[in-house]
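Here's a quick walk through a two-chain model, written for someone who likes cut-offs spelled out. Have a look at the structure first, then read on.

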Amino acid sequence: MSLLIRPFTSRKLMNAVISRQMHSSITTADIEKEYREQTLNYPFIGPREIVCKTSRATVTYVDDVLEPCPDVRYGVDTPEMRKLQEKERNEHWSALTREEKRKLYRHSFRQTLAELNAPIYETADIFGKAMILISIGIILCGTVRKTAVIGYSNAPPRDEEMQKKYLIRTIQQGQNKITGIASKWDYERGTWKWNK
Amino acid sequence: MAHPSQLGFQDAASPVMEELLHFHDHTLMIVFLISTLVLYIIVAMVTTKLTNKFILDSQEIEIIWTLLPAMILILIALPSLRILYLMDEINDPHLTIKAMGHQWYWSYEYTDYEDLGFDSYMVPTQDLNPGQFRLLETDHRMVIPVDSPIRVLVSADDVLHSWAVPSLGIKMDAVPGRLNQTAFITSRPGVFYGQCSEICGANHSFMPIVVEAVPLEHFENWSSLMLEDA
């Protein structure tokens, strides 16, 4: 009796059937024949065991944090894995070595939850490339402004005396006298309003 | 004129510019609110660990985020249209001035009563008196009486120019072969600077506009003096 036609058989019955199968030595060819007999899913997934039933129409393996039980096992069904699964079923988990546990996990899943949730630093990657391009642009801009552009040297050099005279004239003309610079000047006393 | 390190608008010298300042405050407040909300949503979306793959739609929130922007846009559009129509009101101006743009100076013509016309060239940097503003001073200013509605007809002689004075809230393109009309009232006396605002050649940055608003007697004295000189 194959697991593939009746995916939700009771566990005890499954164990009994598989134990009976284990005791007769099974080869890879037998396994393949067993899977090939059912034509619904074998062309798409190969000799892999269906474990869960999700809402998808087709049976596929998907690694997703929100769907911890994919439709089908990741690994191909082989006699060695069947032996390991039999061991996992019948004995306590402390009897399995660490390597065997890892093999069983990787037979059912492709990536662990830790691997799925690991950061990939995509933001930092893109940000770094953008910063490199921006700095190239800034360097180009500065070089062109210093060497090729004429006109920035026409401005007179910074002069404290002239700046004072500009300020005096700005206040004399009453520029921005409502909320701006001339509004801070007290015309009656001839000084800034904050000088008491 | 803008003082150094000024970030906002210059103080208004005409009622229309005052309205524009208030409208800008109103719209900027809305823009800040929306930007803050969007920034918060972006940060929340990027830094969350929760996922839901099976959301399809939600009628309530879709109704909200369709109606709310529409209402906000109406809130912005109504004052905007009000100011637009306010700017087009021209109520019996006391004076009509023609501002003609040339390469690279402005010329003003006061032809209501007498034939007064003069050119307004920028004062070069080396000829400035101490304290005069660089690239903004002109040899002849456009003098107008304060508190009087003025109509300005802007045109150009050769290429496109634009007659702009930010304090009065005016910017009008000077198109050769076309007369564009704008009007304003100056609420306070003073000197208001502007610069040509349409690229017109090599010295586009060096053709400023200076409007001087004075009481009526001073304006009459000035125009008599200018007529004698001409």
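Where is the place of Tyr121(A) in chain A? Tyr121(A) sits in the loop between helix 6 (113–117) and helix 7 (122–147) of chain A; helices here are DSSP runs of H or I with at least four residues, strands are runs of E with at least two, and both are numbered from the N terminus.

## Ground rules

This is a predicted model, where local features need pLDDT of at least 70 and side-chain atom pairs count only at pLDDT 80 or more, while totals for chains, interfaces and linings use all residues. Residues are numbered from 1 along each chain as its sequence is written, chains are lettered from A and ligands numbered from 1 in the order in which they are written, and side-chain values use heavy atoms, with hydrogens and water left out.

Over in chain B, a cis peptide bond joins Gln103(B) and Trp104(B), with omega about 10°. Trp104(B) is in the loop between strand 1 (95–102) and strand 2 (105–110) of chain B. Why flag these? Because most residues other than glycine have a negative phi, and most peptide bonds are trans.

## What the record says about chain B

An unreviewed UniProt entry puts "domain: Cytochrome oxidase subunit II transmembrane region profile" at residues 1–91 of chain B. UniProt positions are in the numbering used here, feature names are shortened, and annotations may be inferred rather than shown by experiment. In the model, residues 1–91 of chain B are 67% helix and 0% strand, with the end C-alpha atoms 28 Å apart.

The unreviewed entry also places "transmembrane region" at residues 27–51 and 63–85 of chain B. Residues 27–51 of chain B come out as 80% helix and 0% strand, with end C-alpha atoms 36 Å apart. For residues 63–85 of chain B it's 100% helix and 0% strand, and the ends are 33 Å apart, again C-alpha to C-alpha.

Then there's "domain: Cytochrome oxidase subunit II copper A binding", listed by UniProt (unreviewed entry) for residues 92–225 of chain B. That span is 7% helix and 45% strand, and its end C-alpha atoms lie 27 Å apart.

## Two domains in chain B

Chain B splits into domain 1 (13–86) and domain 2 (93–227), with bounds from an automatic or database domain assignment. Their centres, taken over C-alpha atoms, are 39 Å apart. In chain B, 5 residues of domain 1 are in contact with 9 of domain 2 (heavy atoms within 4.5 Å).

About 530 Å² is buried between domain 1 and domain 2 of chain B, 53% of it from carbon and sulfur atoms; buried area is the accessible area (1.4 Å probe) that two parts lose on being put together, summed over both. On the domain 1 side, Ala13(B), Ser14(B) and Met17(B) lose the most area to domain 2, together 77% of what that side buries.

## Where the chains meet

How many residues of chain B are in contact with chain A? It's 22 residues of chain B against 19 of chain A, and the two chains bury about 1700 Å² between them, with 51% on carbon and sulfur atoms.

The chain B–chain A interface has 3 salt bridges (a side-chain nitrogen of Lys or Arg within 4 Å of a carboxyl oxygen of Asp or Glu). One of the salt bridges pairs Glu137(B) with Arg169(A), 2.3 Å from N to O.
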